[in-house]
Amino acid sequence: MTVCRDCCCGSAAKHPGVDHTAQLDGLRAALAPRHRVRTSLCLDVCEQSNVLVVHPAPAARRAGARPVWFGLVLAEEIVADVVRWVDAGGPGVAELPATLELSVIPGRAVGSAAIG
């Protein structure tokens, strides 16, 4: 999983009611060591903010699965749904829950912006 934490993603100025550090720490605590959670510089979907991208497992990618992008991930309920979906297998393995379909956004081609 890649979590955008740059200009507007993770910004207390844009989303003052969200504890962005706690959100990232919670994702890491819930998913590690089974799944890697990394941060990225701007993923270039600033109109969405608080973006995260769930990457398929290697076998699922080889079978045709692609990353799923989520925007406006501000509520803990969304984070919890993402964690459950990733633990169930994520893209190409587990069906995307209807609750998460509302948060899916179009992805962008991104270079090597990962920083953590």
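**Figure 1. Antiparallel pairing of strand 1 with strand 3 in the predicted model.** Two bridges join strand 1 (residues 2-4) to strand 3 (residues 52-54), and the sense of the pairing is antiparallel. Val3 has Leu52 of strand 3 as its bridge partner.

**Figure 2. Ser49 in the loop between strand 2 and strand 3.** The relative accessibility of Ser49 is 0%, under the 20% limit, and the residue therefore counts as buried. Beyond its neighbours within four places in sequence, Ser49 is in contact with Cys8, Cys9, Lys14 and His15, and also with Gly71, Leu72 and Val73. The backbone of Ser49 has a phi near 60 degrees, a positive value in a residue other than glycine.

**Figure 3. Asp44 in the loop between strand 2 and strand 3.** Asp44 has a positive phi, near 65 degrees, although the residue is not glycine. With a relative accessible area of 48%, Asp44 is partly exposed. Ser49, which lies in the loop between strand 2 and strand 3 as well, is instead buried.

**Figure 4. The cis peptide bond between Ala32 and Pro33.** Omega of this bond is about 0 degrees. Pro33 is placed in the loop that runs between helix 1 (20-31) and strand 2.

**Figure 5. The chain as the setting of the close-up views.** The chain contains four helices and five strands, which follow one another from the N terminus as β-α-β-β-α-β-α-α-β. Its radius of gyration is 13 Å, close to the 13 Å given by the globule rule for 116 residues, so the chain is as compact as a globular protein of that length. Along the principal axes, the C-alpha atoms fill a box of roughly 40 × 30 × 25 Å. Of the 116 residues, 42% are buried. Among contacts with a separation of 6 or more, 68% are made by residues 24 or more positions apart. The accessible surface of the chain comes to about 6100 Å², and carbon and sulfur atoms account for 56% of this area. The chain carries 11 positive and 11 negative charges, whose mean positions lie 10 Å apart.

Technical notes: Residues are numbered from 1 along each chain as its sequence is written. This is a predicted model: local features need pLDDT of at least 70, side-chain atom pairs count only at pLDDT 80 or more; totals for chains, interfaces and linings use all residues. Side-chain values use heavy atoms; hydrogens and water are left out. The radius of gyration is taken over C-alpha atoms; the globule rule is 2.2 Å times the number of residues to the power 0.38. Buried means under 20% relative accessible area, exposed over 50%, partly exposed in between (1.4 Å probe, protein chains only). Contact means heavy atoms within 4.5 Å. Accessible areas come from the Shrake-Rupley method with a 1.4 Å probe; for residues, only the protein chains shown count as cover. Lys and Arg count as positive and Asp and Glu as negative; His and the chain ends are not counted. The place of a charge is taken as NZ of Lys, CZ of Arg, CG of Asp or CD of Glu. Two strands pair if DSSP finds at least two bridges between them.
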